[in-house]
Amino acid sequence: MKKVYIALVIIVLIAVAIGARVFYFKKNFELISPKKGDVVEAIYGLGRVESDQEFNVKIGVLSIVEKLYVKEGQSVKKGDRLISFEGRVLFKAPFDGTVTLVANKEREIVLPQFTVLTLKNLNQKYVEVSLEQDAALRVLPKQRARLVFESQSQLKYEGYVKTIYPREGEFITRIEVEGLEKSILPGMTADVVIEVGKKKDVLLIPVKAISDGKVLRMRNKKREKVDVTTGNSDGMWVEVVSGDINLDDLIFIKR
């Protein structure tokens, strides 16, 4: 009789454990089916806003600042006086812009080829992205680009690839963007997505389902973690390049 009680207790404990496990998964996970669909092939990079017009004042010989006509942050018009050096060397603004650097004060000595003053046009801006060689090989002019600035995640800007060219070992992509707000200044950075193509009818699973390269899969009422290799993603769904995932499976994702 005692053995019967022990067996019943064990059965109850097992049932409770199974029930607790089922409750845990139902509470913390939901099941999603993989699907077939199209996904954009994209190149990702960190872009930097640059000014299309920049003027740097440098002199070729050792000299002294005679007079400063502007201060940092000051807006000037084309032809306004900027700075003069001893010997009556005067520099004027070649375009409308904002003075972003004044490195010396009046009567200070200036070294040759040292940037004393910088003027930028803050209304003509573009975004520059440095790419690795493999990515640069897939980028072409006129390809569509999307940009998001970190502090303005609610705003997404559209642009396109204007040119791509080498510069001192880097591969630079110039992105033209229309409608950049005035608050977006040269030097600010943005996440840039360049669309280089589109894959059709590929197997997709939710991005949230992936953890450390693995997916928790339900097949034939059995749970199992499987390795997956992923490809392109639109941020919500990601392409399954390899891995034992079928359309009939169910995929666990955390709530």
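**Ground rules**

I number residues from 1 along each chain as its sequence is written, and I work with heavy atoms for side-chain values, leaving out hydrogens and water. Because the model is predicted, I ask for pLDDT of at least 70 for local features and 80 or more for side-chain atom pairs, while totals for chains, interfaces and linings use all residues.

**Entry 1: sheets**

I took helices (H or I, at least four residues) and strands (E, at least two) as DSSP runs, numbered from the N terminus. I called two strands paired if DSSP finds at least two bridges between them.

I looked up an open sheet of four strands first. Its order is E3-E10-E8-E5, and the pairing is antiparallel. Strand E3 (54–57) and strand E5 (75–76) are the edges. Each has a single partner strand, so one side of each lacks a neighbour in the sheet. Inside this sheet I checked E8 (residues 97–102) against E10 (residues 117–120) and found four bridges, antiparallel. Val99 stands opposite Leu119 in E10.

I then turned to another open sheet of four strands, with the order E7-E6-E4-E9 and antiparallel pairing. Here strand E7 (89–92) and strand E9 (109–110) stand at the edges, and each has a single partner strand. E4 (residues 63–68) joins E9 through two bridges, antiparallel again. Ile64 has Ile109 in E9 as its bridge partner.

**Entry 2: nonpolar cores**

My rule for a nonpolar core: buried Ala, Val, Leu, Ile, Met, Phe, Trp, Tyr and Cys residues joined through side-chain atoms within 4.5 Å. Buried is under 20% relative accessible area, exposed is over 50%, and partly exposed is in between (1.4 Å probe, protein chains only). In soluble globular proteins, nonpolar side chains tend to be buried together.

Which residues touch the most other members of the largest core? I listed Val127, Leu131, Leu147, Ile175 and Ile194, out of 21 residues in that core. At least two core residues come from each of E2, strand E11 (125–131), helix H2 (133–136), strand E12 (144–149), strand E13 (156–167), strand E14 (170–177) and E15. E15 gives the largest share, four residues. Apart from this core lies another, of 18 residues, including Val76, Leu82, Phe91 and Val102.

Beyond its neighbours within four places in sequence, Val127 touches Gly47, Arg48, Val49, Leu147, Thr173, Arg174, Ile175, Val177 and Val192.

**Entry 3: aromatic pairs**

A pair of aromatic rings is described by the distance of the centres and the angle of the planes. I paired rings of Phe, Tyr and Trp (its six-membered ring) with centres within 6.5 Å; planes under 30 degrees apart are stacked, over 60 edge-to-face, and the rest tilted.

I found two aromatic pairs. Phe85 and Phe91 are edge-to-face, at 5.9 Å centre to centre and 85° between the planes. Phe85 is buried at 1% relative accessible area, and Phe91 is buried at 18%. Phe149 and Tyr157 are also edge-to-face, at 5.8 Å and 90°. Phe149 is buried at 3%, and Tyr157 is buried at 8%.

**Entry 4: charges**

I counted a salt bridge where a side-chain nitrogen of Lys or Arg is within 4 Å of a carboxyl oxygen of Asp or Glu. The count came to 17.

Lys200 pairs with Asp38, closest N and O atoms 3.9 Å apart. This links strand E15 (residues 189–206) to strand E2 (residues 35–51), with the partners 162 residues apart. Buried or exposed: which is Lys200? Lys200 is exposed at 61%, while Asp38 is partly exposed at 43%.

Glu50 and Arg48 form a salt bridge at 3.3 Å. Glu50 is buried at 17%, and Arg48 is partly exposed at 44%. Glu176 meets Arg174 at 2.7 Å, N to O. Glu176 is buried at 19%, and Arg174 is buried at 17%. I also noted a network of salt bridges linking Arg217, Arg219, Glu224, Asp244 and Asp249.

Finally, I looked for charges over rings (NZ of Lys or CZ of Arg within 6 Å of the ring centre and within 35 degrees of the ring normal). Arg174 has its charged end over the ring of Tyr126, 3.9 Å from the centre. Lys67 has its charged end over the ring of Tyr69, at 5.7 Å.

Definitions and conventions:
Contact = heavy atoms within 4.5 Å.
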